[in-house]
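Please look over the notes below alongside the model.

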Amino acid sequence: VTFERPLALALAAAVPLAWWLSRNRSGAPVVRVASLLAFRHAAAATPSAAPRRAIDLRLAMVLAAMTLLALAAAGPAFGAAARAAFYVVFDRSVSTTARTCDAATRTDTLLRDIAPDAERVVRELRNADGTDGLPESLAPHLAAARDGGFPGVVLVTDSAIEATPGIAIVGPSAGAAANASVASAVLDGDDAVVAVRNHGAKDVTVRLVCADVAHDVAVPAGGVGTARFAAPDRGEMATFEIVSPPDDLTADDRLVVRRTGGARRVHLTGANPRACPHLEAALRAAGAEIAHDGESDADVTYGRGIVAPAHRPRLVVLAPPFAMSTGDTPGAIRESPAPGSETVTGAQVVGRGPFVDVLPAPATLLAPTSRLVGGDAAWSVPDGAIVSSTTDLIVLAVDPEDPRSDWHRDPSFPAFVAAALDRLTDGPDRLVAVVAVPPSESDVVHAPPATSSPEALRAVMRPAGAREDDVRPARWLALGAAVLLGAAAFVRRV
Amino acid sequence: MTDGGAPASPFDDAFLASLPRLEIAASRVVAREGDAGRRAGRRGGRVEFADHRPYVPGDDPRHIDWAAFARSGRLHVKEFEKSDEFSILLVVDDSASMALHGKLVAAQRLAYALAYLGLAAGHRVRAAFASGGALRAGGEVAGRARVRDVGAFLLGARGAGVTRLTESLNRLPEDGRGSRVLIVISDLWAEDDGRAALASRVRRGEEVEVFHLVASADLALPDGFVVAEDAETGERRVLGPDAAAAASLEAARREADWRAFAARHAVVYVPLDASKPTEELVLGTLHGAGVLR
């Protein structure tokens, strides 16, 4: 238990004093007499000879009330006695691993000098992508610190952020001087074009290595240099690494990529494959290889009587007459009972999600075969969805083979088919970074943030003493005292 | 009397009307003058006319003013101021102990009644308060109409201070015009109860009368142990259950001492029950004791 006003406990001294005075009175009433001469020959009696009340309930209540009032005035707080403490938020983003970043060490020294016995509530700040996310990412820490009774936080970071009331900054003693990073790798045919960015103020030539292939890349100050390597096979990974010269941040000297996407072998099924020449043409235009047997990356179904589930990702193009369902589970795609055989123009189609960029031209005529419910509506016309999708299923309720439709002449048709295949087969052929440092984190060559003064650091320290979440029964103690005093007024003196 | 404001008689009309029939029996003063017959003839013979008042049964028929009766058809008696009257000095103890249990009020009323009697009998009267060794004396007055002045003075009783009667009585003003009757009204609860001074006054030829106001409440205590606080000195003492009985014995002993002192020094000593009405004290106790006749 701690007290906000411990000096008020001195009031409790009145309790034994009151008890002593009461005891000295021996409980005998004081009677004013004309003269003690009348009693000069009365037997002497001492206070201790007088019989005392066994229990003076009223006195006990008054003394208890006095004790409670003294305690209430002292402002007791129950809970662990809190030492002085700092709420320290460490920026754990990639950039703080720079060789020159000594912010953590400086923090330890500074805080120890200010308050050697102060505790430290340590929290870390790092986004999933390795960035610090400042200043937005600090908000929850500020709220938590405030809830914990801290006037503010100590932010340990190398980011160029300024101290504000409630935020004291400790940064590294110096900024990084040089840093080159493997910024990106993109696929160009079967080559990987690797970009190296120089964040420093001096031109640099780096040796970039992938497996046993090495290139020397000249990178101007603040600029980008590139090197071309053989791309890994589909599904394979490759590592591009700067091996020299050393710089201040090594984490971004290495980029690991995986080649992914680009699957285009499809199995076209339907009542009569020859009945969908426009669809076949669009598939080929989208780069798909149509296989009638053997392995395939996705199924494309044209026709009717299609029933889920499928074993592979599938694009279903509904053609009349039709009867389609993917089941009764929530989210399953079903045809709407509403008829929908009228043609619509491209202007009537509203798209969203991954297919919003491949909408038909406004004047293009489309021949919807149905309206869809369930799944995620990707294309809609005023009376319902005509394209809907789930994780591995895309249903197109538009017949590209309908003679009323001229969609097959619109480039949006093969583009839609390509987008659908990308969706179903992990996208286009590309290199995806597996291990990489965000560009913002590689930008470490700058002046460090100004470290706050000791006074500013002390200002965000929670002083020793009671904490906000401690139990403070002062009001209840005062109320109890009032009740006792009130009750004492009704208790007959024994 | 203690309410302040204009002094007024604290007695009812019948009581006041009966008072003139009584006179303070100052035998010692008269004896010192050495002429009982002269004193007897003093009423109406050696006096000067002072006033008329309605006749009441008991008045001396010789004082009826028949000429006035012939004019008005109503009986009036003449009142006279004596030319050789003695003075009466009423000393009221107004110490703190007197303020307890109605003694001071009883003393004020008694003094007022005695002043009325003295003034009606043609004597000079002066009242005084004694407490703390001091004496606060009022002016000496004569004539029955001045009784209100005495009453006004008696209203100034304070009921505070300790009783030191010897010191107070030693401050008595000397009376240069004749003999004096000194009446002391007190509860006599003091180590210094003024006996030495009173004896001295007797030796000087003054008539000394002590009216001892006794309040049984002075001796009463609650059951069990009490802390008794002296009203005058503030001294405290723890008293046991037997203290009240001891106090009664002490009171009786002190009264016996006073009686012995009074007999030895020709002092008139009359204990008076302070709880009784003044009318009963005057018409009963004092009259019965021969102090008034």
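How many residue pairs are in polar contact between chain B and chain A?

1. **Polar contacts.** The count is ten residue pairs between chain B and chain A, both residues at pLDDT 80 or more. A polar contact is a pair of N or O atoms within 3.5 Å; within protein, one must be able to donate a hydrogen and the other to accept it, and residues adjacent in sequence count only if both atoms are side-chain atoms. Strand 8 (226–230), strand 9 (236–239) and helix 10 (243–265) of chain B each give two or more residues to the side of chain B that touches chain A. Helix 10 of chain B gives the most, with six residues. Helices (H or I, at least four residues) and strands (E, at least two) are DSSP runs, numbered from the N terminus. By class, that side of chain B has 16 nonpolar, two polar and 14 charged residues. Here Ala, Val, Leu, Ile, Met, Phe, Trp, Tyr, Cys and Pro count as nonpolar, Asp, Glu, Lys and Arg as charged, and the others, Gly among them, as polar.

2. **Basis.** This is a predicted model: local features need pLDDT of at least 70, side-chain atom pairs count only at pLDDT 80 or more, and totals for chains, interfaces and linings use all residues. Residues are numbered from 1 along each chain as its sequence is written, chains are lettered from A and ligands numbered from 1 in the order in which they are written, and side-chain values use heavy atoms, with hydrogens and water left out.

3. **Interface size.** Chain B puts 32 residues into the contact and chain A puts in 24 (heavy atoms within 4.5 Å). The two chains bury about 2,500 Å² between them, 63% of it on carbon and sulfur atoms. Buried area is the accessible area (1.4 Å probe) that two parts lose on being put together, summed over both. B:Phe225, B:Arg237 and B:Val238 supply 24% of the area that chain B buries against chain A, more than any other three residues.

4. **Salt bridges.** Over all chains there are 31 (a side-chain nitrogen of Lys or Arg within 4 Å of a carboxyl oxygen of Asp or Glu). Within chain A, A:Asp188 pairs with A:Arg228 at 3.0 Å, N to O. A:Asp188 lies in strand 8 (residues 180–188) and A:Arg228 in strand 12 (residues 224–230) of chain A, so this pair ties together parts that are 40 residues apart in sequence. Three salt bridges run between chain B and chain A. One of them joins A:Arg40 to B:Glu250, with the closest N and O atoms 3.6 Å apart.

5. **Cavity.** There is one cavity of 30 Å³ or more. The largest cavity holds about 60 Å³ of space. On a 1 Å grid over the protein atoms alone, a cavity is a set of points where a 1.4 Å probe fits but cannot get out; lining residues have an atom within 4 Å of a point. Grid points are joined across faces, edges and corners, and a volume is the space filled by probe spheres set on the points. The lining includes A:Cys101, A:Asp158 and A:His446. It divides into seven nonpolar, three polar and one charged residue.

6. **Backbone.** Most residues other than glycine have a negative phi, and most peptide bonds are trans. A cis peptide bond joins A:Leu134 and A:Pro135, with omega about 0°. Phi of A:Ala211 is near 55°, a positive value.

Technical notes
On a 1 Å grid over the protein atoms alone, a cavity is a set of points where a 1.4 Å probe fits but cannot get out, and a pocket is an open set with protein on both sides within 12 Å along at least five of seven lines; lining residues have an atom within 4 Å of a point.
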